[in-house]
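Below are some notes for a colleague who is opening this structure for the first time. Please read them with the model on screen.

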Amino acid sequence: MDGVNTIPNIVVERCLGARRIAVLTGAGISAESGVPTFRDRDGLWTKLNPQELAFMEAFLKNPQHVWEWYQSRRKVMQEVKPNPAHYTLAAMEDFYPVFSIATQNIDGLHQRAGSRKVFELHGNIERNRCSVCGRFVELPDETAEPPRCSCGGLIRPDVVWFGEMLPEEALDSAAQAARTAEVYFSIGTSAQVFPAAQLPYDAAEHGAFLVEINAEPTALTPYAHISLQGKAGEILPRLWRAISEKAANG
Ligand code: BJW
Ligand code: ZN
């Protein structure tokens with residue numbers, strides 16, 4: 001089995017003593033569902049150039065190219081299913097009085113696993129909006145090229161590209177959750193993309209016990225109180241089992 005086998009007692013204790021838990025997730029939590037990550041060994045950005053795909057300038061220069069990439073990723077994301085990491089977080093939400101997930105993922109897998117309080121920091125690939133007036137538009141799955149809005153603007157996926165602001169309400173809610181959490185989890189993110197990557201630091205600065213769960217060390221690792229290295233889909237269920245057993249047996 002990969003990674004840590006035993007969950008350190010301090011993590012179990014801190015989780016048991018907490019009423020407010022907040023979580024940041026990234027591409028790594030969906031990797032075991034079959035959604036590609038961005039920056040690790042087989043990540044998308046090792047094969048594809050983000051400058052050509054994840055900037056508004058790229059979309060305006062070659063809308064068809066960007067549209068086709070998102071259509072192919074939509075197909076992948078519609079076909080995959082949540083994994084034990086998503087389901088564990090959904091179960092935890094039922095246990096804690098205050099529990100929320102800020103996700104950088106656009107795949108909707110947390111909601112499909114049953115999580116209710118999810119702040120989508122980078123949008124959702126299932127939605128489309130006008131790149132000029134912002135109007136949301138429903139489109140058939142097989143739409144082969146980016147249509148035009150009634151205002152003349154090109155329709156784009158409702159995701160956040162580099163240089164764009166994050167949805168204000170989601171970011172504010174995520175920041176508030178980070179500042180008030182007693183335990184903060186950073187799961188499956190390389191912690192390189194801001195402002196999302198700032199959240200765990202803010203949480204720790206405001207007194208949260210910071211736990212990282214990631215397949216490999218990241219820039220955040222030295223700042224985490226505990227860093228659990230391995231697959232989220234294995235570590236999270238193990239952690240939740242340890243918490244539940246301790247809660248039952250004292
Ligand atoms: C596992 C695992 C398993 C694997 N279990 N773990 C210089 C120039 C231009 C901009 C900037 C700049 N310097 C800073 C900026 C700002 C920029 C930024 O931070 N850039 C950095 C890269 C330097 N940020 C922005 O531009 C943001 N907006 C912003 O700041 O607005 C203000 C502003 C306005 C004007 C000018 C400048 C600033 C927006 C960021 C938008 C990011 N968009 C993307 C694409 C979204 C849509 C899509 O998916 O197509 O979001 S990029 C991509 O990265 C995607 C992700 O959400 C995001 C984060 O990636 P994540 O989730 O961390 O994935 P990975 O792959 O990096 O890491 C996965 C980890 O999981 C790895 O560590 C694995 O080991 C691990 N793992 N399997 C556990 N089973
Ligand atoms: Zn429009």
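1. Arg 179 is found in helix H9, residues 168-180; helices (H or I, at least four residues) and strands (E, at least two) are DSSP runs, numbered from the N terminus. Arg 179 is partly exposed, with a relative accessible area of 39%. Here buried means under 20% relative accessible area, exposed over 50%, and partly exposed in between, with a 1.4 Å probe and protein chains only. Arg 179 and Gly 28 are 151 residues apart in sequence, and their C-alpha atoms are 24 Å apart in space.

2. A word on the basis of these notes. This is a predicted model, in which local features need pLDDT of at least 70 and side-chain atom pairs count only at pLDDT 80 or more, while totals for chains, interfaces and linings use all residues. Residues are numbered from 1 along each chain as its sequence is written, chains are lettered from A and ligands numbered from 1 in the order in which they are written, and side-chain values use heavy atoms, with hydrogens and water left out.

3. Strand S7 covers residues 183-187, and five of its five residues are buried, so the strand is largely enclosed by the rest of the structure. Val 183, Phe 185 and Ile 187 point one way from S7, while Tyr 184 and Ser 186 point the other way.

4. Which strands pair with S7? Strand S1 (residues 20-25) pairs with S7 in the parallel sense over five bridges, and Ala 22 stands opposite Tyr 184. Strand S8 (residues 209-214) also runs parallel to S7, joined by five bridges; there the bridge partner of Phe 185 is Val 211. Two strands pair if DSSP finds at least two bridges between them.

5. S7, helix H10 (residues 198-205) and S8 make a right-handed β-α-β unit. Right-handed applies if, with the strands pointing away from the viewer, the path from the first strand over the helix to the second runs clockwise.

6. The largest nonpolar core has 28 residues, of which Ile 21, Leu 89, Phe 185, Ile 187 and Ile 213 touch the most other members. Such a core is a set of buried Ala, Val, Leu, Ile, Met, Phe, Trp, Tyr and Cys residues joined through side-chain atoms within 4.5 Å. Elements giving two or more residues to this core include S1, S7, S8 and helix H11 (232-249). H11 provides the largest share, six residues.

7. Not counting residues up to four places away in sequence, Ile 213 touches several residues, among them Phe 185, Ile 187, Leu 228 and Ile 235; contact means heavy atoms within 4.5 Å.

8. Helix H6 (residues 63-79) has 17 residues, which at 1.5 Å a residue should span 24 Å; its end C-alpha atoms are 24 Å apart, which agrees. The expected span is 1.5 Å times one less than the number of residues. Buried residues of H6 include Trp 67, Tyr 70 and Arg 74. Among the elements that cover the buried residues of H6 are helix H8 (109-113), strand S4 (123-130) and strand S6 (155-159).

9. Leaving aside its neighbours within four places in sequence, Pro 157 is in contact with Trp 67, Tyr 70, Arg 74, Arg 127 and Asn 128.
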